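The following note sets out points for a colleague who is examining this structure. Each point may be checked against the coordinates.

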Amino acid sequence: MLNRLERLGRGQVLLLCGLIWFAVTGWGILMAGPNPDDWRQMAGAPPGPMPLNWTDDEGRWAMELIYVRLLGERFLTPLQILLAFPCLAGIAHLLARRAAPEGLGNAAMLAIFVIGTSHVYMSDALNFSAHLFAYPLALLLSALAFALIAPGAAGLLAVATGIYQPFAVFGAVLPLIGLMRWDRLALRPALFWLVRAALAGAAGLALYVLLWRFFASLTPYQPIGARGALPGAEAILAKLAGLPVLLRHLFTGGLMNLSGAARVFNGLFGLAVIGAVALAALAALLSAAGAGTRLIRAARVGAGGLAALLILPVLAYLAATEPYLPGRAVGYFGFLLAAMLIAALALVAPLGRAARALRLAGAGALAVMGTVQLFTAAALWHDQMRQGERDRELARLIMARVAALPGYDGGPIRILGGLGSDEFSAGGSIGYTVFHPGNSVPGIFREMFGFGWTAEFLAISPRACPAFPAHDAVWLEDGRAHVCLSPFAQDLMPLAHCAPLGGGQPGTLCAGRGMLILARPDCAPLPPGRRIRARLFDAAGREGPPIEFTVDVRAFTHQGRCLQAWPDGGFAFARIVLGEYDADGMAVWEREFSPQTLRETLAGAAP
């Protein structure tokens with residue numbers, strides 16, 4: 001088997017990679033249709049040099065440049081699929097060159113490419129049509145920066161970070177493989193490579209911040225990076241406490257909603273990679289050298305493998321403001337696993353006769369994992385296509401009912417509540433309905449029917465109603481059509497479990513019906529750069545998903561008040577910290593609430 005793999009030429013490998021890419025992932029993306037974020041992007045951005053919130057709110061200035069300036073706010077999906085392929089093939093080549101034994105570089109490139117591009121976490125990343133080319137480009141730039149460590153490395157890392165921050169660390173796997181490969185690289189140059197990589201990383205981060213602030217200056221907002229900033233010490237400690245669970249989910253594909261069989265295969269492959277690294281360390285202890293040298297070799301293998309498999313993903317987790325790790329943030333994980341297995345198996349020669357058996361077993365594991373990932377990817381793209389068809393059909397049914405309402409004049413509609421995505425959802429963005437609760441900017445009606453407006457999705461309903469398509473689920477109120485997708489058992493008012501904001505701040509916070517509701521006297525916009533954010537903590541101090549009222553939650557007027565509501569996700573909170581924050585993240589005002597303080601009732605029209 002290994003002899004056959006050795007005969008694979010570079011042209012054959014590139015051809016096979018291209019066929020697999022375009023037949024499985026490329027075709028799947030073309031057929032799948034838009035996800036909720038895609039519909040939002042199709043709704044269009046306001047005019048301006050940097051019109052999206054990726055720069056000022058997320059720090060992803062390079063991503064905004066690519067989508068707005070290079071692609072002209074168009075998906076151009078076939079072109080992006082074509083451009084993504086050389087990026088992903090280049091990543092597989094760089095990894096195979098460093099990891100593979102002599103004579104097996106081309107076969108290793110094929111295995112790394114197949115597992116890397118079809119891994120469930122990469123599928124989650126590639127499901128964002130605006131990012132289809134940019135995400136692979138960010139990974140390639142990171143890999144090139146750490147591979148070359150040339151004067152331009154900082155610039156490559158700055159752009160990679162400006163596309164998507166979690167991908168900037170990916171290229172560090174190359175010097176870590178260099179650390180492991182004691183048979184190719186002496187200790188001093190391996191350590192020197194790591195030092196240069198750290199310096200390039202620091203320079204790249206500094207350059208990224210400078211460029212971010214420059215491009216953010218082209219917007220009317222300040223570069224606050226609300227979703228790109230580092231979490232606080234309290235949140236990091238809570239994440240550290242949950243690391244064992246995170247690592248189990250990471251290796252089994254549990255960051256997504258996979259079937260039990262798929263999780264078993266992913267988990268077994270993860271164990272195979274970890275086992276291979278351990279065997280490589282054992283082989284280093286048995287290699288022909290002095291005792292001190294053998295210990296150093298084993299330490300190199302263990303440190304390099306541990307850092308690549310654990311530290312790189314954990315860094316992405318700890319740096320994220322969310323209390324969870326989205327699958328797309330480690331979209332490179334399939335590349336990393338395949339490369340580490342190949343690098344480890346390249347080091348087992350000192351185990352004698354067992355080495356060939358181990359390499360054959362490793363090749364078999366790569367083949368099985370690649371096949372499983374390909375079938376899983378094909379199934380995921382099919383589910384995404386079916387969810388898209390269901391969303392479009394529901395949009396047609398809604399508009400038919402709304403158009404039949406007496407007095408409807410063709411104006412904007414309100415969608416109340418939302419639908420779950422249990423049947424087709426694989427977690428992340430795959431199989432996720434555009435009609436999910438609280439979708440802040442859905443563009444599906446605008447794009448499908450050519451309307452000049454975007455529907456408002458609200459998490460709550462002003463009155464009790466059954467779920468669509470029931471007769472009473474659609475009505476006109478204040479000249480606007482309302483459609484209940486979720487059943488609401490009672491009218492919105494009165495609201496219980498409320499408390500005034502206090503401290504001279506007009507408004508009320510309510511927590512009930514599975515919602516967090518902010519009521520203010522009017523819907524006047526905040527000063528530029530300001531944000532209203534709620535943070536929920538349970539009795540153990542663990543933080544739930546933050547609620548960005550200013551960015552994510554649509555405001556609407558009801559009975560003389562401006563209301564914003566967002567589901568609390570069933571989080572059993574013991575306290576809520578609500579505040580308004582300036583462009584530097586400093587609190588303009590901040591209030592703390594507990595279930596005991598939320599005792600008042602908000603009823604009737606505002607005085």
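1. A residue is called buried when its relative accessible area is under 20%, exposed when that area is over 50%, and partly exposed in between. The structure is a predicted model. Ile-112, in helix 6, has a relative accessible area of 0% and is therefore buried.

2. The surroundings of Ile-112 draw on separate stretches of sequence numbering. Neighbours within four places in sequence set aside, Ile-112 is in contact with Ala-92, Leu-95 and Ala-96, and also with Phe-335, Ala-338, Ala-339 and Ile-342. A C-alpha separation of 9.8 Å is found between Ile-112 and Leu-88, which lie 24 residues apart along the chain.

3. Helix 15 covers residues 291-319. Its 29 residues, at 1.5 Å a residue, should span 42 Å, and the C-alpha atoms at its ends are 39 Å apart, which agrees.

4. Arg-300 is buried but forms no salt bridge. The nearest side chain of opposite charge belongs to Asp-183, at a distance of 7.2 Å. A salt bridge requires a side-chain nitrogen of Lys or Arg within 4 Å of a carboxyl oxygen of Asp or Glu.

5. What, then, lies 2.8 Å from a polar atom of the Arg-300 side chain? The backbone oxygen of Leu-185 is found at that distance. Residues up to four places away in sequence not being counted, Arg-300 touches Gly-178, Leu-179, Met-180, Arg-181, Trp-182, Leu-185, Ala-186, Leu-187 and Ala-190.

6. Asp-183 itself takes part in a salt bridge with Arg-181, with the closest N and O atoms 2.8 Å apart. The two partners may be set side by side as regards accessibility. Arg-181, with a relative accessible area of 3%, is buried, whereas Asp-183, at 38%, is partly exposed.

7. How many salt bridges does a search of the whole structure find? The search finds seven. In general, side chains of opposite charge can pair when their charged atoms come close.

8. Glu-102 counts as exposed because its relative accessibility is 68%. Arg-184, at 35%, counts as partly exposed.

9. A further salt bridge is formed by the side chains of Glu-456 and Arg-414, at 2.9 Å from N to O. Here too the pair links distant parts of the chain: Glu-456 belongs to strand 2 (residues 456-458) and Arg-414 to strand 1 (residues 413-416), 42 residues apart. Glu-456 is buried, its relative accessible area being 12%, and Arg-414 is buried with a value of 13%. Salt bridges with shared partners join Arg-414, Glu-456 and Arg-480 into one network.

10. The bond from Phe-468 to Pro-469 is cis, with omega near 15 degrees, and Pro-469 is located in the loop between strand 2 and strand 3 (474-477). Met-493 and Pro-494 are likewise joined by a cis peptide bond, with omega about 5 degrees. Pro-494 occupies the loop between strand 4 (480-484) and strand 5 (495-502).

11. Leu-76 is not a glycine, yet its phi is positive, at about 45 degrees. This residue sits in the loop between helix 4 (61-70) and helix 5, and with 30% relative accessibility Leu-76 counts as partly exposed. His-497, also a residue other than glycine, has a positive phi near 55 degrees. His-497 is part of strand 5 and, at a relative accessible area of 46%, is partly exposed.

Key. Residues are numbered from 1 along each chain as its sequence is written. This is a predicted model: local features need pLDDT of at least 70, side-chain atom pairs count only at pLDDT 80 or more; totals for chains, interfaces and linings use all residues. Side-chain values use heavy atoms; hydrogens and water are left out. Helices (H or I, at least four residues) and strands (E, at least two) are DSSP runs, numbered from the N terminus. The expected span of a helix is 1.5 Å times one less than its number of residues. Buried means under 20% relative accessible area, exposed over 50%, partly exposed in between (1.4 Å probe, protein chains only). Lys and Arg count as positive and Asp and Glu as negative; His and the chain ends are not counted. A polar contact is a pair of N or O atoms within 3.5 Å; within protein, one must be able to donate a hydrogen and the other to accept it, and residues adjacent in sequence count only if both atoms are side-chain atoms. Contact means heavy atoms within 4.5 Å.
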